[in-house]
Amino acid sequence: MDADDLLGRYAAGDRDFSSTNLSGINLAQEKLSGANLIRANLAKAILTGANLSGTFLVAANLDQANLKGATLIVANLNGADLSRANLSEANLSEAVLSGAVLQKANLSGAILQGAILAGVNLMQSNLQGANLQGANLYGADLQEANLSTANLTRANLRGSNLRGAIMPDGSIHE
């Protein structure tokens with residue numbers, strides 16, 4: 001399916017794009033809030049500045065996707081693969097990312113206030129300057145992640161693996 005087909009169906013009221021192959025699609029600045037993209041293949045998709053609020057991206061493949069500045073408020077990304085994805089400056093407030101893979105992802109300057117990141121793989125991710133205020137990172141794997149200048153106020157880091165992570169104060173966690 002190409003971008004024109006998807007946007008036409010969305011404009012006509014269709015919201016179910018589950019298991020659709022959208023690899024490499026360019027949906028920059030588009031509005032797809034509330035869409036069902038469960039198990040969709042969005043690898044290498046261009047979603048910069050897209051509005052994906054309330055979208056269901058459960059178990060979706062977003063490997064190397066560009067979501068810079070995208071809005072994903074209250075989106076469900078349970079078990080999604082966001083490895084090497086660019087989520088810099090994205091708004092993921094109240095999003096559900098439990099069990100998602102964000103290994104080597106760029107989340108610099110992202111807003112993750114109140115997000116659920118329990119059991120997430122954030123190994124070697126860039127969270128520099130990210131707002132994780134009140135986020136639930138219980139049991140998250142943050143090995144070698146860059147958390148410098150991140151806001152971790154009221155964030156739940158219990159059971160998280162922070163070995164080798166660069167902390168907000170610049171220290172490296174042992």
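Residues count as buried under 20% relative accessible area, exposed over 50% and partly exposed in between (1.4 Å probe, protein chains only). The model described here is predicted, so local features need pLDDT of at least 70 and side-chain atom pairs count only at pLDDT 80 or more, whereas totals for chains, interfaces and linings use all residues. Residues are numbered from 1 along each chain as its sequence is written, and side-chain values use heavy atoms, leaving out hydrogens and water.

A search of the whole structure for salt bridges (a side-chain nitrogen of Lys or Arg within 4 Å of a carboxyl oxygen of Asp or Glu) returns two. One pairs R9 with D14, with 2.6 Å between the closest N and O atoms. R9 is partly exposed at a relative accessible area of 33%, and D14 is likewise partly exposed, at 26%.

D63 and R84 also form a salt bridge, their closest N and O atoms lying 2.9 Å apart. This pair links distant parts of the chain, 21 residues apart, with D63 and R84 each in the segment after α1 (helices are DSSP runs of H or I with at least four residues, and strands are runs of E with at least two, numbered from the N terminus). D63 is buried, at 13% relative accessibility, while R84 is partly exposed at 46%.

Setting aside residues up to four places away in sequence, D141 touches V120, N121, L122, M123 and N161, where contact means heavy atoms within 4.5 Å.
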